[in-house]
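This report describes selected strand pairings, a metal site and backbone features of the structure shown below.

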Amino acid sequence: MTLHIPFQNSYARLPEHLYSRIEPTPVKAPEVLAFNHALANDLGITGTDDLAELARVFGGNDVPEGSEPLAQLYSGHQFGHWNPQLGDGRAILLGEAGGFDIQLKGSGPTPYSRNGDGRAWVGPVLREFVVSEAMHALGIPTTRALAAVATGETIYRETALPGAVLTRVASSHIRVGTFQVLAARGDTAGLKALFEHAVARHYPHVSTPLEFLKAVIERQAQLVTQWMSVGFIHGVMNTDNCAISGETIDYGPCAFMDEYHPMMVFSSIDRRGRYAYAAQADIIVWNMAQLATALVPLEEDTDKAVAGYTEAINAMPERVHTLWREALGRKIGLGETQADDLQLAARLLKLMSDQGADFTNTFAALSGDKARDQFVDPASFDDWARDWKVRIAGEDAPEEVMRRANPVLIPRNHRVEEMIQAAVQGDMAPFLRLSQALAKPFEHNPEFADLTRPPSAGERVQQTFCGT
Ligand code: AMP
Ligand code: MG
C-alpha cells in the first residue's frame, strides 16, 4: 500500500505574505533512522510499511500528494534582542493531518535561511526525537517526532557531520514571534488573519485578543511549571521558540538536570543564564508581555487594551508561583498545598543544591523512604524529613501522589550523547532501548536501572551546543 497522509492546508489559505511556498531540497541517499508508527496511526496516516517510500517522503525527496509545502514567516526576541526577521530557515511545513502540523526540519534552504544551509545533523535530530517523545510520555505538552531520516550527505558545523531530517508534529507552529513580525510591520490585516486562525485552532472558546492572551498565559504558565517539576531546562526561550499552543517547541541546547541547582544552564550560548532553570518562571512572563504588545494593533481602543493586557501580565507571576507550589507539593506527596508548603519544599531543594543531590532520583526516592542516601550529609535530610512527615501525616495517599509526580526515568544528557555517538556509527540499538525505557517514565523497571544512574565525572556532558 502506498503512503497516504490526509492533508489539509489551512495555513496555506492565510494571506500569502505570511509564508513562502517552497519545496524540500532532495537529498542524496535518504534512509529511515526512526519512524513513529503509533503517532502516524493517530494522525490518520496509512500505508507506512514501505521504508524506501518513507525515506523519500520524510527525507524531502518526494512531496506527498495533497501537501502544499511552505516555510513560515516569523521574527522574535533572541536573548532579549529584537530580530526583525527569522522564519523557517530550515523547516518546511508539508501541511496538517488529523489537525496537527507535519513539518520537515533540516529539509534544505528557504527564503528565511539567511546564511544557514537549511540542514540539520543526526545528533540534534535524534536528540529532539528522544527528548520530545520522552516529554510526551511524561505528560507534558510538546511537539512530537514522527520520523528521522539520514540524508547520506555531509554537512559542516565545527566538523563534518552526517545530515538528517526530522519530521516534527505540532498542534501548530505558530509562535509569539509569528504575531510579532506582523505587528512590527504594521500589518494589521495579516495580524487579524493570524489571530483568527490561531483562535480557531487552539482557543475556539475565545473571542477577544485579551481572552486569547489570558488563555496563552495560562497554558504557558502550566507548561513552564511542568518543565520545572521534571528538572527540564529548555535552553533557548526566545519568543520565536515560544508556541501559542503552549507546547514545548524547538529542542535545541536543552537538557534535564542531573544534580539540582536553580541556576543550572546547559546552553553554550547562554552565558548570562537568562534561560537558567529557575529563571524560566520569570522569562515566560517577559515573553507573554511581548505577545501582549503584538496584540495591541488588533484593538480599537488602545488605552483600554493596554490596561487590560497589563493587568493580565501583572497577574502572571502569582499564577506561576501558585502552579509551582502545587507541582512541588505533589512531588513531596501533597495533593493540595497551603501557602507555607512552598517553604517546606524549598528547604529540600536548598539541601539538594548545597549537596549536589540528583533532582530526579531524590524525588523518586521520597516514596519508599530512601531519599537520605542521596545526600552527602544524610542527617541534614533527616531533619527535613521529620517536619515533612508531620506535614504529610494527614494526607490521603501521599505515596500515590508522589509516584505520579516523580518520574524514575528522564532522558539524561550523557545517555542521549551516548545514543547519538552510537547512531553516528550506524548502531541504532541505544536509540531503541532509550526510547523504549522513556515511554514509561514512571515505572520502576529493573531492566532499565542503569538509565536511572546519574553521570560519573567522566560521563558528564557540560553543555549542549546550538550547532544544530
Ligand atoms: P533556532 O535557534 O533553531 O530556534 O533557530 C533560530 C533561527 O535560525 C530560525 O529562523 C531558524 O530557522 C534559523 N536556522 C537555524 N539553523 C539553521 C540552518 N542550519 N539553516 C538555516 N536557518 C537556520
Ligand atoms: Mg527556533
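Buried means under 20% relative accessible area, exposed over 50% and partly exposed in between, with a 1.4 Å probe and protein chains only. This is a predicted model, in which local features need pLDDT of at least 70 and side-chain atom pairs count only at pLDDT 80 or more, while totals for chains, interfaces and linings use all residues. Residues are numbered from 1 along each chain as its sequence is written, chains are lettered from A and ligands numbered from 1 in the order in which they are written, and side-chain values use heavy atoms, without hydrogens and water.

Most residues other than glycine have a negative phi. Strands are DSSP runs of E with at least two residues, numbered from the N terminus. Asp250 belongs to the loop between β12 (232-233) and β13 (255-256).

Asp250 (OD) also coordinates the magnesium ion (ligand 2), together with Asn241 (OD1), at 1.9 to 2.1 Å. Donors are N, O and S atoms within 2.8 Å of the metal (3.2 Å for Na, K and Ca); water is not among the atoms, so sites may look incomplete. Asn241 and Asp250 are both buried.

Strands pair if DSSP finds at least two bridges between them. Strand β10 (residues 144-156) runs antiparallel to β3 (residues 31-35), with 4 bridges, and Phe35 has Ala147 as its bridge partner in β10. Between β10 and β11 (residues 160-170), also antiparallel, there are 9 bridges; a hairpin of 3 residues joins these two strands.
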